[in-house]
Amino acid sequence: MTRRPKVLAIVQAGGQGARMDVLTRERAKPALPYAGQYQLVDFGMSSLAHSGVTDVWLSVQYLASSLHKHVAAGRPWDLDRTRGGLQWLPPEEGSGSASQSGFSEGNGDDLYRNLDAIRNFGADVVLVLSADQVFSLDLRDVVDQHLDNGSSCTIVTTEVSRSQAAAKAVVELGAGGVVTGLDYKPEDPQTSTIAAEIFAYHPSRLAAALEDLRAERVDAADGDDSGIGDFGEHLIPRLVEDGSVHAFALPGYWRDLGTPSDYLAAHRDLLAGRVDVFDDPEWPILTRWPELPAAHVRRSATVEHSVVSAGADIAGTVVGSVIGPGVRVAKGAVVQDSVVFAQTVVEAGAEVRGAVVDSRCTIARGARVGETPPGSRVGDDRLVLVGRDSRVARGAVVAPGARLEPGSTA
């Protein structure tokens, strides 16, 4: 019987996610909802579960409590087990060559801080995934190619526009899929191939590269910072130097939801049928489902080109929008080109256009949030964000591009 390789997966839940503004003031970015009833953390965890990876470490740097109820002990992905399963990696102080106090300063630094534990695990392959991207992938194929090629690192790649590539790690490829260079957030990208923040590492080569970088960059480090930073700054370029880093092209949909405009764009992709991650009934996205009845669309409602989640009660007009669990849209209210999170109420005569409205908000009678110009969609600079537990008062107007902090009143 052929032994499957021993795989350790590290899912990096990231830091504060400040670019998401008011939406991540009180939650970790992987706890953001997507497609109504899912959370971003579900996508990486589901691919790992379907790929048979049963040792998963979740590295949480910011507001871990916002993930606890949903992730729990890994039950949605069958990771609540006696041997292996899900292990949380909160920031902590410790001793040893790879230990420092406080929070990590980038995803490469995060691996360095957990290097002793990675060594002790004794994996054949270390998979590292970001927890805030929408994708679906059989990671067994990545592991098999990685081992067949004898790679120090395998980078899962995807294609984006040149303008999007400027904010990512651009991958340069040679013959046979060998990675010949990695340009991190270039001003003028020379290719549209980027790293999808899914990696397979050879454990000992990863450890050697991290130790070497730490030794070289100790003078550049600040306090507890190792100086290693994000993977694209030093770690991957160092591994590329030995000529044994290879690319694996992700075959389906991928999007990093790192900014509010990306977040809304990913939901527009969903409504346009460009998101294929939910298409395979044999490979479902696993999640903790809300304990709510089916949605109720009333006689007075108009719902077009939208997703309506469990427990929603729609009596008004919903167009080109994603409605979260338990949302109520009253008769005469309008929601257009927007994403509305769970348990929010849009009262009679209120309008929500070109906005992302967080959970448990109230948009009172006659209020107007944002705008959608006739015949077009709201631009990025005019997208409205309404923080959790906020209230827009009766008849109030929230201008395009506004941000309401959580718990505020307009």
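A salt bridge is a side-chain nitrogen of Lys or Arg within 4 Å of a carboxyl oxygen of Asp or Glu. The model is predicted, so local features need pLDDT of at least 70 and side-chain atom pairs count only at pLDDT 80 or more, while totals for chains, interfaces and linings use all residues. Residues are numbered from 1 along each chain as its sequence is written, and side-chain values use heavy atoms, with hydrogens and water left out.

**Exercise 1. Describe the salt bridge between R268 and D337 and the surroundings of the two residues.**

Step 1. The side chains of R268 and D337 form a salt bridge with an N to O distance of 2.8 Å.

Step 2. Helices (H or I, at least four residues) and strands (E, at least two) are DSSP runs, numbered from the N terminus. R268 belongs to helix 9 (residues 260–271), whereas D337 lies in the loop between strand 21 (334–336) and strand 22 (339–340); the pair links distant parts of the chain, 69 residues apart.

Step 3. Buried means under 20% relative accessible area, exposed over 50%, and partly exposed in between (1.4 Å probe, protein chains only). R268 and D337 are both buried.

**Exercise 2. Which parts of the chain does the salt bridge of R119 and E211 tie together?**

Step 1. In this salt bridge, the closest N and O atoms of R119 and E211 are 2.9 Å apart.

Step 2. R119 lies in helix 4 (residues 115–121) and E211 in helix 7 (residues 203–216), so the bridge ties together parts that are 92 residues apart in sequence.

Step 3. R119 counts as partly exposed because its relative accessibility is 40%. E211, with a relative accessible area of 23%, is also partly exposed.

Step 4. For context, a search of the whole structure finds 24 salt bridges. Among them is the one between R255 and D262, at 3.6 Å from N to O; R255 and D262 are both buried.

**Exercise 3. Determine the strand order of the open sheet of 6 strands and identify its edges.**

Step 1. Two strands pair if DSSP finds at least two bridges between them. Strands of a sheet pair through backbone hydrogen bonds, either parallel or antiparallel.

Step 2. The order of the 6 strands is 15-18-21-24-27-30, and their pairing is parallel.

Step 3. Strand 15 (302–304) and strand 30 (397–398) are the edges: each has a single partner strand, so one side of each is left without a neighbour in the sheet.

Step 4. Strand 27 (residues 368–370) is joined to strand 30 by 2 bridges. Within this pairing, V369 stands opposite V398.

**Exercise 4. Is strand 12 mostly covered or mostly uncovered, and which residue is the bridge partner of T157 in strand 12?**

Step 1. Of the 5 residues in strand 12 (residues 245–249), 4 are buried, and the strand is mostly covered.

Step 2. The bridge partner of T157 in strand 12 is A249.
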